[in-house]
Amino acid sequence: MPVNDPRTSCHFCFSKFNKKDSKIVCDICKNSYHQQCGSNITTPLLNLSHIYCLFCYNDIFPFNTIPPDDYDIFESNDIDILLPENYMDSNSTFKNIDPDQNLNNIKTNCQYYNEQNFNNKFDSKNTNFSVFHVNCRSLNKNLAPTSDFLSLLTLNFDILTFTETFITDETDLSYLHIDGYSTPLITNRKYGLKNRGGTAIYLKNGIDFTERTDITIPNCESTWVTINRNSNNNHSKRQILIGTIYHPDSCNTNDFIDNFNSVLASINQNTTDIIITGDMNIDLLKRSNHANNYIQTIESNGFEQIIDKATRITPYSRTLIDHISTNINNKTVSSGVFQSQQGSTDHLATFAIIQNYSCHFTQQEMKYVYDYSKYNKNKFISDIKDINNWTYNKTTVPIEKQFEIFYSDFQNITNKHLPRKILEKKEIPKKPWMTPALVQSTIKKNDLYANLITNPTC
């Protein structure tokens, strides 16, 4: 499914322009908006004829949400009261701050994807690190369709994160298995209304990790895990902290932003690279104090929110409430939103792929198959018949020892006629029941869904 062309489609509601529609264009990013859509997210600058969308406006004036009365402090001659007494001392940490090291330099380009254009662009390079997130609205109900969707992709995500899992203490985790991944780390629902809420993280087999139950956000559900990297590369000695958060819309947003800020400030970013996914229930497509405060909190802590497309699309609204934020600098990050339905949830899945950034797994998952290329059935049966002529001294040799001898002989003969070989990654069938016909039907269904959310009138 091609991505909407900003010249022919509104960048806010994503519907195409009709000939009679009036549209306005941001002078910086050149995205186009319907006049009625643009009135909510654009602003004239200094009474000039220029038009700037909210995202560009915030880039130019990051303090535009500060109330006018609060500017008085910057006009005071006593501005030094804002700084510690020793801020100019040679030993002060303020003297040693390198602004270049504290500048976010993440190169990202968020796009919409379906299975085909995703597979055309990305592969399973071991030098990349990848994270997937979706608000599944019941992991029990929607794990199977999400797992089937993931099987259509050439890239196996390193980390899978889920929000609104609806998991309780009574949930049997054995039914929530995904091939190739560890048992999920879960946080049960606590704060969501109507039995909603809950978070979960799956890690690819072979990743050395430690669950971080010490990190919590009041009145929210969240799951955190530290990945221990194993490499001689100095940069790779940095740990990776993965978190996924569900902020219920019933909880106070201002309190959530304050608590989130406290968590971000408490993490030692000098030794830790951090990726945070989740459903924050803060719509970043709308100009609001909550959205502005949230973004300023993220960026003031050295993070960047890398999803800028709508992640929940209904016939009546488009919102960006599923976010991915990271503090990993000086890396090229590919982020995107999948235009495919993950079961019955109305949230779209998001992802981030950090290039040339590997976990350096402590163990490599290998799969083996028997090589039948030189197999001769008659010779195999003949050798089996000749196993010690099937004569064991049953009176002097314990039955356990007899079986051990027989099993060893049988294994040797099997390895002789059917040597094992390592199954190449591209040969490993992800879902044996996903026949070519089912794959095509799934792709067709996802294309129709992408058409529905992109052109709701068609």
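Local features need pLDDT of at least 70 and side-chain atom pairs count only at pLDDT 80 or more, whereas totals for chains, interfaces and linings use all residues.

Student: Which element of the chain has the highest mean pLDDT?
Tutor: The pLDDT is the predictor's confidence in each residue, from 0 to 100, and the chain averages 78, with 72% of the residues scoring at least 70. Over residues 76-88 the pLDDT is below 50, and where pLDDT is low, the predicted coordinates should not be read in detail. Helices (H or I, at least four residues) and strands (E, at least two) are DSSP runs, numbered from the N terminus. Among these elements strand 3 (residues 42-44) has the lowest mean, 50, and the highest, 97, belongs to strand 8.

Student: Is strand 7 largely enclosed or exposed?
Tutor: A residue is buried under 20% relative accessible area, exposed over 50%, and partly exposed in between (1.4 Å probe, protein chains only). F129, V131, H133 and N135 point one way from strand 7, while S130, F132 and V134 point the other way. Because seven of the seven residues of strand 7 (residues 129-135) are buried, the strand is largely enclosed.

Student: Which residue of strand 8 stands opposite F132?
Tutor: Two strands pair if DSSP finds at least two bridges between them. Strand 7 is joined by five bridges to strand 20 (residues 350-354), running antiparallel, and by five bridges to strand 8, running parallel. In strand 20 the residue opposite F132 is F351, and in strand 8 it is L160.

Student: Which residues touch the most other members of the largest nonpolar core?
Tutor: A nonpolar core is a set of buried Ala, Val, Leu, Ile, Met, Phe, Trp, Tyr and Cys residues joined through side-chain atoms within 4.5 Å. The largest one holds 61 residues, and its largest share, five residues, comes from helix 5 (residues 253-266). Apart from it lies another core of 25 residues, including F118 and I353. In the largest core, the residues that touch the most other members are F129, I242 and F256.

Student: Which strands are the edge strands of the open sheet?
Tutor: Six strands form this sheet in the order 11-12-13-14-18-15, with mixed pairing. Strand 15 is joined to strand 18 (residues 322-326) by two bridges, and the two run antiparallel. An edge strand here pairs on one side only, and the two that do so are strand 11 (209-211) and strand 15 (304-305).

Student: Which residue's backbone nitrogen lies 3.0 Å from a polar atom of the side chain of N128?
Tutor: N128 lies in the loop between helix 3 (115-121) and strand 7, and N128 is buried, with a relative accessible area of 15%. With contact meaning heavy atoms within 4.5 Å, N128 touches D158, I353, I354, Q355, N356 and Y357, not counting residues up to four places away in sequence. The backbone nitrogen at 3.0 Å is that of N356.

Student: What is the relative accessible area of S174?
Tutor: S174 is found in the loop between strand 8 (159-163) and strand 9 (185-187). S174 and P184 are ten residues apart in sequence and 9.7 Å apart in space, C-alpha to C-alpha. S174 is exposed, and its relative accessible area is 53%.

Technical notes:
Residues are numbered from 1 along each chain as its sequence is written. Side-chain values use heavy atoms; hydrogens and water are left out. A polar contact is a pair of N or O atoms within 3.5 Å; within protein, one must be able to donate a hydrogen and the other to accept it, and residues adjacent in sequence count only if both atoms are side-chain atoms.
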